Amino acid sequence: MFDKLRNAFSNATKSFGEKELNEKDLEKILFELELSLLESDVASEVIDSIKFDLKNNLIGSKVAKNEIEKFVKDSLISSISSLFDAAGKVDLFEKINEKKKTGQPFLILFVGINGTGKTTSLAKVAHMLQQAKYSVVVAAADTFRAGAIEQLREHTNRLNLKLVAQNYNSDPAAVARDAVLYAKSHKMDCVLIDTAGRMQTSKNLMEQIAKITKVVNPDFKIFVGDSLAGNDTVNQAREFFEYVKFDGSILTKSDADARGGAALSIVKITSTPVLYLGVGQEYSDLKPFDKETFLETVFGSLSGVNIKEISSEPNPTPEPNPTPEPNPTPEPKLILLPVILLQELLTLIFSIIQNYTISLHQKMMMKQLNSAQKFVIGLRMDDQNLENPS
C-alpha cells in the first residue's frame with residue numbers, strides 16, 4: 001500500500017544524504033522528487049508546496065553530514081503533516097449528535113462518478129451508523145443508472161434498513177425530499193442520499209446535484225473517489241467541489257493502492273479531510289483515515305521524528321528603518337477672494353470671452369462678404385469683356 005509514494009520520499013532523503021549540498025544539486029534532487037511524486041498521482045499544487053517547504057528548510061541550515069538524511073525526512077513529514085492539519089478533522093458522530101438535539105434528521109449526500117464504489121460506500125457508512133445505534137433511512141436518488149435502485153435495495157435488505165425510492169427517471173430531488181419527510185415523521189436520526197454517478201465533465205448532471213443540494217439542504221456532503229484512478233480522481237474532486245462544496249472524502253480500494261497520492265492531492269486542492277478509506281468488500285471494511293497511520297505507511301516508524309508545524313502564511317518582511325524626511329518648503333499661501341468679488345470676476349471673464357467670440361465671428365462674416373463681392377465684380381467684368389470684344 002502506497003509503495004510508490006514511499007519509494008519517492010525514501011529515494012529523495014537518501015540522495016540528500018549522499019552528497020554535499022549546494023544549490024545545483026538541490027535543484028536536481030528536487031526535480032527527481034517532483035517526477036517521482038507525479039508518478040505517484042500527487043497533484044502539482046502539492047508537489048510545489050512540498051518542494052517549497054523542503055527548500056526553505058535546507059537553504060541556510062547548518063546540518064551535520066551524518067544527520068542530513070534524518071533532517072530531510074523530518075522536513076518531508078512536517079510538510080505533509082501540515083497539509084492534513086490545514087484540512088482539519090471531522091467527527092461525523094459528533095455532528096449527528098448535535099443535529100439530533102434539535103429533533104431533526106442529519107442528512108448526508110453522497111456524490112461521485114460511476115464505478116468508484118459510491119453506493120457500496122453508502123452502505124458501509126449506513127452499517128457503521130447502525131452499529132453506533134443510529135436509526136437510518138436511505139434515499140435512492142439515483143434514478144438514472146439501470147439497476148441502481150435494485151442494488152441499493154439489496155444493501156438495505158441485508159442491513160434491514162428503510163429504503164425510499166421511486167421509478168426510474170423520476171426527479172432525484174423529489175426522491176431525496178420524500179426520504180427527508182419520512183425521516184422527520186418517523187423520528188429517524190440520519191438520511192443517506194445516493195445520487196447518480198456522473199462524469200465531472202457532464203455539466204447538466206452536475207447541475208442536477210446542485211439542485212438536490214438546494215432542495216434538501218444536506219448537513220454533510222461526501223465525495224467518493226477511487227484510489228486506483230490516479231490523477232483522474234483528483235480532477236473529479238476538483239470539479240465536484242466546485243459544484244457541491246463537499247465536506248469530506250471517502251477513498252475506495254485503498255488496500256490495493258500502490259501510489260497513495262490521491263489522499264494528499266484531494267486534501268490540498270479542496271481543503272477538506274479524507275474521512276474514511278475503503279479497504280475491502282465487507283460492510284465493516286471502512287476504516288477512519290488517520291494521519292499518523294498514513295505517515296507511518298509512507299515513511300516508516302515516526303519514533304524520534306521531529307514534526308514541526310509549518311505555517312502557510314508568509315513570514316512578515318522586516319519594515320525598513322525610517323529615513324529622516326527633509327523639512328518641507330513652505331507653499332505660497334493662496335489669497336481667498338470674497339464670494340461677491342469672485343462672482344464679479346467670473347462675470348467679467350465670461351463677458352470678455354463672449355465679446356471676443358462675437359468679434360471673431362464678425363471678422364469671419366466680413367471676410368466671407370468681401371470674398372463674395374470680389375466674385376460678383378469678377379463676373380461683371382467677364383460679361384463686359386464678352387459684350388465689347390476688342
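I began with the term I needed for the pairs below: a salt bridge is a side-chain nitrogen of Lys or Arg within 4 Å of a carboxyl oxygen of Asp or Glu. With that cut-off, I searched the whole structure, which is a predicted model, and the search returned 12 salt bridges.

**Entry 1: charged pairs**

I looked up aspartate 74 and found that it forms a salt bridge with lysine 70, with 2.7 Å between the closest N and O atoms. Both residues belong to helix α4, where they are 4 residues apart, about one turn of the helix. I then compared the cover on the two partners: aspartate 74 has a relative accessible area of 10%, and because buried means under 20%, aspartate 74 is buried. Lysine 70, at 44%, is partly exposed.

I turned next to lysine 118 and aspartate 194, whose side chains meet in a salt bridge at 3.2 Å, N to O. This pair links distant parts of the chain, since lysine 118 lies in helix α6 (residues 118-131) and aspartate 194 in strand β4 (residues 190-195), 76 residues apart. I checked both partners for cover: lysine 118 counts as buried at 6% relative accessibility, and aspartate 194 is buried as well, with a relative accessible area of 1%.

**Entry 2: cores and helix α4**

Which residues have the most contacts inside the largest nonpolar core? I found that they are Ile80, Ile193, Phe240 and Phe294, in a core of 60 residues. Helix α4 (residues 68-87) gives the largest share of this core, 8 residues. Apart from it I found another core, of 30 residues, which includes Leu122, Val125, Leu129 and Cys190.

I then went back to α4 itself, which is mostly covered, with 14 of its 20 residues buried. From its first C-alpha to its last, α4 reaches 29 Å, close to the 28 Å expected at 1.5 Å a residue. Glycine 88 follows α4, and I read its phi as positive, near 80°.

For helix α9 (residues 203-216), I set the span against expectation: at 1.5 Å a residue its 14 residues should span 20 Å, and the end C-alpha atoms are 20 Å apart, which agrees. The buried residues I listed in α9 are Leu205, Met206, Ile209, Ala210, Ile212, Thr213 and Val216. These residues cover an arc of only 155° around the axis, which puts them on the same side of α9. On the face of α9 turned away from that buried side, I found the exposed residues Lys203, Asn204 and Lys214.

I repeated the check on helix α10 (residues 231-244), which has 14 residues and reaches 20 Å from its first C-alpha to its last, close to the 20 Å expected at 1.5 Å a residue. In α10 the buried residues are Thr233, Val234, Gln236, Ala237, Phe240 and Val244. Seen down the axis of α10, its buried residues fall within an arc of 160°, so they line one face of the helix. Phe240, one of these buried residues, is also among the residues with the most contacts inside the largest nonpolar core.

**Entry 3: surface and loop**

Leucine 35 has its place in helix α2 (residues 23-39), and at a relative accessible area of 39% leucine 35 is partly exposed.

Where is aspartate 255 found? I located aspartate 255 in the loop between β6 (248-252) and α11 (261-270), and at 44% relative accessibility aspartate 255 counts as partly exposed. Finally, I looked up the separation of aspartate 255 and glycine 278, which are 23 residues apart in sequence and 7.4 Å apart in space, C-alpha to C-alpha.

Technical notes: Residues numbered from 1 in each chain as written. Predicted model: local features only at pLDDT ≥ 70, side-chain atom pairs only at ≥ 80, totals over all residues. Heavy atoms only, no water. Core = buried A, V, L, I, M, F, W, Y, C linked by side-chain atoms within 4.5 Å. Buried < 20%, exposed > 50% of the residue type's maximum accessible area, 1.4 Å probe, protein only. Helix = DSSP H or I, 4+ residues; strand = E, 2+ residues; numbered from the N terminus. Expected span 1.5 Å × (residues − 1). Arc of directions from axis to C-beta.
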